[in-house]
Amino acid sequence: AVAWIVGLERANLKRLAGIAVSIAGAVITSIFSVESASNSSRTKVLIGNIVLFLQVTCMGSLIVCTKPLLRTGMPSNSVTTWYYGLGSLITIVVAIPYNILKSPGADVWGIGSTDGIVALLYACLVATLSTYMLLTWCNTKVPASTVALFMTIQPVGTATLSAIFLNQKFDLGQGLGCLAIVIGLVIVVVWGSDVGEKEESAHNGESGDLTEALLPSAADENISIQEDGEQHQ
């Protein structure tokens, strides 16, 4: 939606339908995850889903905002290093005082076990480094809305892995939600791929400034003035 608002992409009925189906599937999966939780934890699950909604909204905005940088020719790994490096620095600055104030004197930074070390290495190298590097690289190849849409498939993998490794219940509602997500992705990728971004069709002639997507160019204004003059004649 952000990409369409700022004019980076053109929407058509097929893409809108696919995105709507995938979003509906993610919502259904989230609703049934709340229903399957115990009464004492439903409020926490609901709050968690609200926070996650805000997170994916911010993530979608990040994908859109990095598009102009990628269009300037900056390597995708450089773009990732800039935004994730600054984000990590801010996290450190915020987390250290927070933990000191919340749990003074407690060992809040201890990993505790070999399993913890393995999990930390996986989180750093696979779930963070590789994931965000690939995410930014994909953003150079396909529309930003397609990159963001694939994030909706996370509930499918999470629900499946939770059922296998954590013995969590995988009910019919979650299954239907996951199916809707996959169907929506297929609609966008297979039938909605004929609609490209504006910057992709004129990639070589644009500077990559996000303001160009928000404000009309001088050439566009001249064309509009000429058309108005011809109509008056």
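Reader: Of the contacts with a separation of 6 or more, what share comes from residues 24 or more positions apart?
Author: Those pairs make up 75% of the contacts in that set. Keep in mind that this is a predicted model.

Reader: OK. How many helices and strands are there?
Author: The protein has 11 helices and zero strands. Going along the sequence, you read α-α-α-α-α-α-α-α-α-α-α.

Reader: And how much of the protein counts as buried?
Author: Of its 233 residues, 26% count as buried. The accessible surface is about 15200 Å², and 69% of that surface belongs to carbon and sulfur atoms.

Reader: Let's go inside. Which residues form the largest nonpolar core?
Author: That core has nine residues: I19, A26, L149, V156, A159, C178, I181, L185 and V188. Helices α2, α7 (154–165) and α8 (172–191) are the elements that give two or more residues to this core.

Reader: Which helix gives the most to this core?
Author: That's α8, with four residues.

Reader: What does I181 touch, skipping neighbours within four places in sequence?
Author: I181 is in contact with V21, S22, G25, A26, T29, T152, I153, P155 and V156. Apart from that core lies another one, of eight residues, including V64, L135, A144 and M151.

Reader: Which backbone atom lies 3.2 Å from a polar atom of the S22 side chain?
Author: The backbone nitrogen of L185 does.

Reader: Switching to threonines. Where is T80, and which helix holds T160?
Author: T80 is in helix α4, residues 76–102, while T160 lies in helix α7.

Reader: Are they buried or partly exposed?
Author: T80 counts as buried, at 4% relative accessibility. T160 counts as partly exposed, at 36%.

Reader: What is T80 in contact with, beyond its neighbours within four places?
Author: T80 is in contact with G85, Y132, M133 and T136.

Reader: And how far apart are T160 and C178?
Author: They are 9.6 Å apart in space, C-alpha to C-alpha, and 18 residues apart in sequence. C178 is one of the residues of the nine-residue core.

Reader: Where does L129 lie, and why is it called partly exposed?
Author: L129 lies in helix α5, residues 114–138. It is called partly exposed because its relative accessible area is 44%, and that label applies between under 20% for buried and over 50% for exposed.

Technical notes. Residues are numbered from 1 along each chain as its sequence is written. This is a predicted model: local features need pLDDT of at least 70, side-chain atom pairs count only at pLDDT 80 or more; totals for chains, interfaces and linings use all residues. Side-chain values use heavy atoms; hydrogens and water are left out. Buried means under 20% relative accessible area, exposed over 50%, partly exposed in between (1.4 Å probe, protein chains only). A polar contact is a pair of N or O atoms within 3.5 Å; within protein, one must be able to donate a hydrogen and the other to accept it, and residues adjacent in sequence count only if both atoms are side-chain atoms. A nonpolar core is a set of buried Ala, Val, Leu, Ile, Met, Phe, Trp, Tyr and Cys residues joined through side-chain atoms within 4.5 Å. Contact means heavy atoms within 4.5 Å. Accessible areas come from the Shrake-Rupley method with a 1.4 Å probe; for residues, only the protein chains shown count as cover.
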